[in-house]
Amino acid sequence: MTAPEGSALRVAGRESVEILRRRRRAVWRLVAWSVPEAAPAMLSGLVVARALDHGFLDGRPWLGTAWLGLLLGAAVVGAAGARQTYRAVAGVVEPFRDDLVRRVVTSALRAADGPGVAPAGRGAGARLTHQVETVRDSFAGLVLVSRGFVVTVLAALIGTASLAWPLLLLVAPPLLGSLVLFAVALRLGARWQRDYLSAGEQLADRAAAAAGAARDVAACRAGERAAAFVDESVAAQAHAERALARLSAVRSLTVVVGGWLPLLAVLAGAGWVTGHGMSTGALIGVLTYLAQVLVPTLDMFVRTVGSAGLRFVITLDRLLRRTEHPRAAPDAVTRPAAPRPAGPGLALRGVTFRYGAAARPVLRDFSLAVTPGDHLAVVGPSGSGKSTLAGLLCGTIPPDGGTVLIGGTPAECLDPAARARHRVLIPQEAYLFPGSVADNLRYLNPEAHARQLLAAADLLGAGPLLAHLGGLPAELRPGELSAGQRQLLTLVRAYVAAAPVAVLDEATSHLDPAAEERVERAFAARGALVVIAHRVSSAMRAARVLVLDGDRPMLGDHHTLQTTCPLYRDLTGYWHGASEPAGLAGPADRVAPAVRAGLRDDPGQAVAHRAG
């Protein structure tokens with residue numbers, strides 16, 4: 001166990017040094033402002049000595065009061081310095097936090113981009129919301145307290161030397177010895193802290209397992225075995241807590257040896273030092289440095305480093321082990337350059353996909369090609385696999401068998417950036433972020449000019465919405481927009497992207513029929529378009545229609561499928577033998593459940609469904 005903890009300490013130390021090295025300017029600013037912050041500590045004992053020797057003990061109380069007045073001025077200077085040190089600490093800590101966030105997000109995205117969902121991706125939320133903030137807060141506390149300890153202790157030692165330098169022989173050795181003792185205890189504390197965390201996790205897992213199996217335990221009369229199973233973890237956690245309690249005792253011992261022992265030594269030798277020429281004021285000044293500066297500062301240092309320091313070491317070690325630096329990814333150098341798509345279009349070749357090993361395939365040995373200029377609508381009941389097909393076409397879902405081609409290149413051979421340049425997938429749930437309207441619209445094409453954004457908005461019918469929001473520079477608050485407004489802005493963003501193939505996965509579900517038609521015609525004129533249809537009109541506009549019905553998809557144009565596919569007749573509101581579309585809006589209870597679930601009808605129209 002010692003080696004890993006030693007490794008964790010080295011990793012944390014190396015990372016901290018690298019942070020401080022990269023932020024040298026902020027570090028020097030922090031050091032510079034620490035000097036005025038330490039002014040009260042440096043002057044306290046000296047001012048007390050002068051106030052006593054030259055003022056109160058010399059019969060001149062007004063002069064003693066004037067000397068003490070200097071402490072007030074020093075406190076004002078110290079407060080100004082402390083204010084600036086907090087700003088300087090932010091300049092060191094916040095870039096470190098941003099770097100950790102980039103590492104977590106980069107690793108999560110790389111894990112999600114790989115086959116399946118890696119454990120690193122599943123735990124990214126906890127690392128981002130809890131562990132990164134724990135490291136940030138702990139590191140900020142360590143920087144503040146460690147810097148304050150060094151500067152304040154140096155100020156106290158300098159002040160002591162200015163009053164009676166021989167007394168440093170009583171102060172410095174115990175102080176150094178206490179720091180060595182604390183360093184040894186800190187190394188052990190890292191191991192104890194990790195044992196405590198592991199024991200807590202094991203206890204939670206075993207308790208949950210025992211509680212979940214309570215009925216089986218009772219039925220098998222295995223209560224004693226279940227209790228022993230949990231008690232083992234309880235004992236391990238109790239042992240770890242006792243070890244951490246020993247660390248608390250060592251922290252107290254450090255303060256006693258490094259702070260109170262020098263104070264007692266000076267008090268014990270007070271008669272001897274005053275008998276050899278040391279004034280009473282100087283003696284009280286030295287005691288002031290020890291009791292009012294050294295002891296509180298040392299106590300704060302060991303408590304902070306012993307708690308926040310251990311959290312920093314252990315949490316940072318866990319974080320770094322599960323993430324990779326975005327600028328130094330291991331495969332960034334060794335992996336050859338990813339190929340680019342050879343041309344436009346998407347294709348599935350012999351693709352099979354199922355949701356589980358024992359599940360019925362959604363698609364079996366299925367092939368499909370989306371060529372430049374194609375306009376394909378995909379229809380089917382809910383759960384038939386329409387969104388799954390969209391994910392397969394775009395390369396975001398790996399198939400169980402067969403090949404997905406993006407521009408003639410297997411999807412697994414393309415990096416995410418190459419896929420994004422070739423196709424754009426717009427889901428039903430529109431994603432917008434707080435920021436300007438322009439930033440949201442440029443999300444997929446950062447180089448887009450304002451005139452491109454405005455032209456796309458006008459083409460898709462979003463011009464009035466942009467005017468209502470205040471134009472491109474306006475701040476966007478996604479929570480204040482309706483679902484339809486969010487979808488419309490997301491569609492403009494997708495239109496601005498340079499991808500030649502657009503896949504709309506019910507991306508217009510909150511738009512009215514006229515707005516939906518305008519959007520679909522604009523995308524169809526721009527390049528290839530695949531629409532996961534939720535209205536009859538979307539299928540009727542498409543050049544080809546794919547009907548998903550179990551593992552037997554049917555592909556054809558609108559008129560052909562009316563006569564060859566009974567499910568399509570149901571979905572489009574045709575009854576058997578009809579040559580014209582019936583009205584599309586009868587009572588809901590006359591529509592087959594699969595039809596109601598799979599395809600929503602246009603407002604104001606009716607569905608006439610006749611069995612047989």
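**Surface patch, positive phi residues and aromatic contacts**

Asp365 is in strand S2, which spans residues 363-370. Helices (H or I, at least four residues) and strands (E, at least two) are DSSP runs numbered from the N terminus. The model is predicted: local features need pLDDT of at least 70, side-chain atom pairs count only at pLDDT 80 or more, and totals for chains, interfaces and linings use all residues. Residues are numbered from 1 along each chain as its sequence is written, and side-chain values use heavy atoms, with hydrogens and water left out.

**Positive phi**

- Most residues other than glycine have a negative phi.
- Asp365 is not a glycine, yet its phi is positive, about 50°.
- Asp365 counts as exposed because its relative accessibility is 58%; exposed means over 50% relative accessible area, buried under 20%, and partly exposed in between (1.4 Å probe, protein chains only).
- Glu506, also not a glycine, has a positive phi of about 55°.
- Glu506 is located in the loop between strand S9 (501-505) and helix H19 (513-526).
- With a relative accessible area of 14%, Glu506 is buried.

**Nonpolar surface patch**

- A nonpolar patch on the surface consists of Met42, Leu43, Val150, Leu154 and Ile158, with about 410 Å² of accessible area together.
- Patch residues have over 30% relative accessible area and no salt bridge; like charges are joined within 9 Å and nonpolar side chains (Val, Leu, Ile, Met, Phe, Trp, Tyr) within 5 Å.
- A salt bridge is a side-chain nitrogen of Lys or Arg within 4 Å of a carboxyl oxygen of Asp or Glu.
- Accessible areas come from the Shrake-Rupley method with a 1.4 Å probe, and for residues only the protein chains shown count as cover.
- Helix H3 (39-56) and helix H6 (124-164) each contribute at least two residues to the patch, and H6 gives the largest share, three residues.
- Met42 belongs to helix H3 and is partly exposed, at 36% relative accessible area.

**Aromatic contacts**

- The whole structure has seven aromatic pairs (ring centres of Phe, Tyr or Trp, the last by its six-membered ring, within 6.5 Å; planes under 30 degrees apart are stacked, over 60 edge-to-face, the rest tilted).
- Tyr495 and Phe523 form an edge-to-face pair, 5.4 Å centre to centre with 80° between the planes.
- This pair links distant parts of the chain, 28 residues apart: Tyr495 is in helix H18 (residues 483-496) and Phe523 in helix H19.
- Tyr495 and Phe523 are both buried.
- The charged end of Arg526 sits over the Tyr495 ring, 5.3 Å from its centre (NZ of Lys or CZ of Arg within 6 Å of the ring centre and within 35 degrees of the ring normal).
- One aromatic cluster is formed by Phe96, Phe139 and Phe312.
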